[in-house]
Amino acid sequence: MVEKLRFRDPHLARHVAQKIHDLAPKEGTVKICHVCGTHEWTVTHFGIRSLLPSNVEVIAGPGCPVCIVPASEIDEAVQLAQKDVVVTCFGDVLRVPGSKMSLLDARADGADVRVVYSVGDAVKMAENETSKEFVFFAVGFETTSPSTAVEIVSKPPENLSFLISHRLIPPAMKLLVEMKDLNLNGFIAPGHVSTIIGLKPYEIFPKTYYMPTVVAGFEPLDILFGIYMIVKQLKEGKIRLENEYVRAVHWEGNVKAQELIQTAFDVVDGSWRGLGTILSSKLMLKSKYAAYDAISKHHVKVQNGVDIQHGCRCHLVVVGKIRPTECPLFMKACTPQKPVGACMVSSEGTCRIWARTVGK
Amino acid sequence: MCLAIPAKVVSLKEDRARVDFGEGVLREVNVTLVSVKIGDYVLVHAGFAIQVLDEKEASETLQLWNELLEVGAETKQ
């Protein structure tokens, strides 16, 4: 069923690329933005940019949920870890720099910081070690927040609380489209976020901003076909919302997941690393679940965080204003082994992805 | 982080399913977010099945690509 090889058929890929060349304008630039780290991995790993006309550009937006966690929220997690609370988190959160240290640094200093595969693992740990206090550091976009919501509404153990860092993708796309100096011509919308939220939240982009928007999957042909659909819309002047990833994304999305998100969380304004505050872009626990809020439970207090270290260009990379190779620190002071900026930490960070291929 | 991997449901018990990621990799995942039966393919993210994959749509996508690009006869196998 999952015919991976057929979704990577090089013969078909060459034909799609040729169609993109045929449809692309002869003058001017077409700038297409995706907002998903996994899309960037596919684009870079399979050399998709090299198949496109020179005036069709694919840029990576803020699609790595780990990269955009502000330093202040890493600082909160570090402070919790230093209070003899067991902090559980996904593996790629571990090395994200806070203002002064990462969770990995805190662990090196003796704090109990544990990597989990799922929020369910954190629940099990808390159930098995009742004498300890646990916190789950909940990072991720709409793909991940339903799983946190499942555990919150299922009455997790009393010795487990949550540091909620979940963010929403459509408000960040709105920020990008309103950045006049970015001059976008189309969006490839994130496939897995869309399995949850469906297509409706993207309607605003073609309707209000006249921006071709295509939800795409993660195989090389998915992305090439998404680019083809955008270039075709531009050529024909028929701007609309389309779904290329029909095998996983339905118009209504995952309604059960959406209901769980609404049950557990309120939507508030949120700070994104390097981007500042984005309106209605962050989830926070509803008041009925306040007992599970790690910040108030453990009296955490942090000052304003330092998001961008000296010389780091993550704030420009994360919105596609520069390529990682245009940052003076890339693969010099900032490497996957010793990252300076958050974009070099997670396997979905643009700099980290480029380091594995372009930077070799 | 938003990576989701397709897997086949091989057994079910309440909100838990054992899924096969292929090549012998089996794992228990939470299926609270989806309605599944044994034999379905699901997308798994961070220990949770987040969506059921549509086999019919998958094959139709491939067919559509071939037709739209008018290269059907050469690439269909």
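Which domains does the domain assignment of chain A give? There are two: domain 1 (1-308) and domain 2 (314-354), with bounds that come from an automatic or database domain assignment. Before going further, please note that this is a predicted model, in which local features need pLDDT of at least 70, side-chain atom pairs count only at pLDDT 80 or more, and totals for chains, interfaces and linings use all residues. Residues are numbered from 1 along each chain as its sequence is written, while chains are lettered from A and ligands numbered from 1 in the order in which they are written.

Let me turn to how the two domains of chain A meet. Their C-alpha centres lie 17 Å apart. The contact takes 25 residues from domain 1 and 17 residues from domain 2; two residues are in contact if their C-beta atoms, placed from the backbone, lie within 7 Å. On the domain 1 side, α2 (37-45) and β2 (56-60) of chain A each supply at least two residues, and α2(A) gives the most, with five residues. Here helices (H or I, at least four residues) and strands (E, at least two) are DSSP runs, numbered from the N terminus. This side of domain 1 divides into 16 nonpolar, five polar and four charged residues. In this classification Ala, Val, Leu, Ile, Met, Phe, Trp, Tyr, Cys and Pro count as nonpolar, Asp, Glu, Lys and Arg as charged, and the others, Gly among them, as polar.

Next, the contact between the chains. It takes 28 residues from chain B and 42 residues from chain A. On the chain B side, two or more residues come from each of β4 (41-45), β5 (48-52), α1 (55-68) and α2 (72-75). The largest share, six residues, comes from α1(B). By class, this side of chain B has 17 nonpolar, seven polar and four charged residues.

The largest nonpolar core has 142 residues, of which V87(A), I227(A) and A49(B) touch the most other members. Such a core is a set of buried Ala, Val, Leu, Ile, Met, Phe, Trp, Tyr and Cys residues joined through C-beta atoms within 7 Å. A residue is buried if 20 or more other C-beta atoms lie within 10 Å of its own, exposed if 12 or fewer, and partly exposed in between. Helix α10 (residues 220-236) of chain A gives the most to this core, with nine residues. Leaving aside residues up to four places away in sequence, I227(A) touches I20(A), I32(A), L52(A), V56(A) and V58(A).

Which residues of helix α11 (residues 255-264) of chain A are buried? They are A257(A), L260(A), I261(A) and A264(A). Seen down the helix axis, these fall within an arc of 100° (taken from the directions from the axis to the C-beta atoms), so they line one face of α11(A). The face turned away from the buried side carries the exposed residues V255(A) and Q262(A). The cover over the buried residues includes β10 (265-272) and β11 (276-285) of chain A, together with β5 of chain B.

Finally, G198(A) is found in the loop between α8 (191-197) and α9 (204-209) of chain A. G198(A) counts as partly exposed because it has 19 C-beta neighbours inside 10 Å.
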